[in-house]
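Keep the structure open while you read.

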Amino acid sequence: MSMLTTLFLMEHYGPRLSMEQLAQVLGLAVATLHARIARGELGIPTYVDGKMRFADVRDVAEYLDIKRQEAQDALLAH
């Protein structure tokens, strides 16, 4: 995982992201994000604390780094 990605997200959002913040980072509508979570298709672990759902900034950074690597690999494969 890239520390740069983690530090960027941490600076902007803190140690955990609300679903609204996560949707913004991923470029999704909040409803789409909730649907992906419900179907188990998000690829980022989330947890409930109180009545709100969150994602840990480290998990989000790792997901973004993996997606970046997948895109680079696909580009090189062509």
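Predicted model: local features only at pLDDT ≥ 70, side-chain atom pairs only at ≥ 80, totals over all residues.

Residues are numbered from 1 along each chain as its sequence is written, and side-chain values use heavy atoms, with hydrogens and water left out.

- You'll find K67 in helix 4; helices (H or I, at least four residues) and strands (E, at least two) are DSSP runs, numbered from the N terminus.
- The K67 side chain makes a polar contact with the side chain of E70, at 3.3 Å.
- A polar contact is a pair of N or O atoms within 3.5 Å; within protein, one must be able to donate a hydrogen and the other to accept it, and residues adjacent in sequence count only if both atoms are side-chain atoms.
- From C-alpha to C-alpha, K67 and P45 are 15 Å apart in space, and they sit 22 residues apart in sequence.

**The whole protein**

- There are four helices and three strands in the protein, and along the sequence they follow the pattern α-β-α-α-β-β-α.
- Taken along the principal axes, the C-alpha atoms fill a box of roughly 45 × 30 × 15 Å.
- The protein has 78 residues, and 27% of them count as buried.

**Helix 4 itself**

- Helix 4 covers residues 57-77, and at 1.5 Å a residue its 21 residues should span 30 Å, which agrees with its end C-alpha atoms being 30 Å apart. The expected span is 1.5 Å times one less than the number of residues.
- D56 caps the N-terminal end of helix 4, with a side-chain oxygen 2.7 Å from the backbone nitrogen of R58.
- V57, V60, A61, Y63 and D65 are buried in helix 4.
- Those buried residues pack against helix 1 (3-13), strand 1 (16-18), helix 2 (19-26) and strand 3 (52-56).

**Helix 1 against helix 4**

- The axes of helix 1 and helix 4 come within 9 Å and cross at roughly 130°. That makes helix 1 oblique to helix 4.
- Axes are lines fitted to C-alpha atoms, for helices over the stretch in contact, and angles run from 0 to 180 degrees between N-to-C directions.
- Angles under 35 degrees count as roughly parallel, over 145 as roughly antiparallel, 65 to 115 as roughly perpendicular and the rest as oblique.
- T5 lies in helix 1, and T5 counts as buried because its relative accessibility is 18%.
- Setting aside neighbours within four places in sequence, T5 is in contact (heavy atoms within 4.5 Å) with A61, L64 and D65.

**Helix 2 against helix 3**

- Helix 2 and helix 3 pack at an angle of about 100°, and their axes are 9 Å apart. That makes helix 2 roughly perpendicular to helix 3.
- Where they meet, M19, E20, L22, A23 and L26 come from helix 2, while V30, L33, H34 and I37 come from helix 3.

**After helix 3**

- E41 is in the loop between helix 3 (30-39) and strand 2 (47-49).
- With a relative accessible area of 47%, E41 is partly exposed.
- The E41 side chain makes a polar contact with the side chain of R39, at 2.9 Å.

Terms used
Buried < 20%, exposed > 50% of the residue type's maximum accessible area, 1.4 Å probe, protein only.
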